[in-house]
Amino acid sequence: MIQEASFPIRVVALACDHGALDMKSLIATHLKTKGIEVIDLGTHGTESVDYPDYADALAQVLREGKAERGILMCGTGIGISIAVNRHRDMRGALVHDAYGARLCREHNDANVLVLGGRTTGPEIAKDCVDIFLNTEFEGGRHGRRLAKLS
């Protein structure tokens, strides 16, 4: 697990569907122990829900500036990552390891981390979250490429 002195991000929005409820709880607790405010957008139960609704809610919270970054989760992370990336101002990155978590920030300025609740272990998920929240965008040639997305 990485060791960080402090987290530059103070408010994070979380959302998931029924396939990642346990992971959302784990990540919320992890963030709170680091002094990060969590905006929990649901879901809050195990009944089947539609992941695009949760991706839309998180995109709206980020757009309104209520949170600095977002973390989305579904069973594999695939569906909810597709849903959030339909929003032109969202850059959701489905990540499976620390390397991807670092590069999604450094090269892609991702503002949403996406994890698979059924495909990512808890310690790897926490490491990915820590790296995602502590890594800055490099800019330069990557900025030129991102400009083409928006």
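Trainee: What does L26 count as, going by its relative accessibility?
Mentor: L26 counts as partly exposed, because its relative accessibility is 27%. Buried means under 20% relative accessible area, exposed over 50%, and partly exposed in between, with a 1.4 Å probe and protein chains only. Keep in mind that this is a predicted model, where local features need pLDDT of at least 70, side-chain atom pairs count only at pLDDT 80 or more, and totals for chains, interfaces and linings use all residues. Residues are numbered from 1 along each chain as its sequence is written, and side-chain values use heavy atoms, with hydrogens and water left out.

Trainee: Where is L26 placed?
Mentor: L26 is in helix α1, residues 21-33. Helices (H or I, at least four residues) and strands (E, at least two) are DSSP runs, numbered from the N terminus.

Trainee: And which residues is it in contact with, sequence neighbours aside?
Mentor: Beyond the neighbours within four places in sequence, L26 contacts P122 and K126. Contact means heavy atoms within 4.5 Å.

Trainee: Switching topic: in what order do the elements run?
Mentor: From the N terminus the order is β-α-β-α-β-α-β-α-β-α-α, with 6 helices and 5 strands in the chain. The chain is as compact as a globular protein of 150 residues, because its radius of gyration of 14 Å is close to the 15 Å from the globule rule. That radius is taken over C-alpha atoms, and the rule is 2.2 Å times the number of residues to the power 0.38.

Trainee: How much of the chain counts as buried?
Mentor: Of its 150 residues, 51% are buried.

Trainee: Which residues have the most contacts inside the largest nonpolar core?
Mentor: They are L14, I27, L31, I71, M73 and L115, in a core of 27 residues. A nonpolar core is a set of buried Ala, Val, Leu, Ile, Met, Phe, Trp, Tyr and Cys residues joined through side-chain atoms within 4.5 Å. At least two residues each come from β1 (11-16), α1, β3 (69-74), α4 (98-106), β5 (112-116) and α5 (122-134). Helix α5 gives the largest share, 6 residues.

Trainee: What does L115 touch?
Mentor: Not counting residues up to four places away in sequence, its contacts include M23, I71, M73, L94, A125 and V129.

Trainee: What does the second core include?
Mentor: That separate core has 19 residues, among them V49, L58, C74 and A83.
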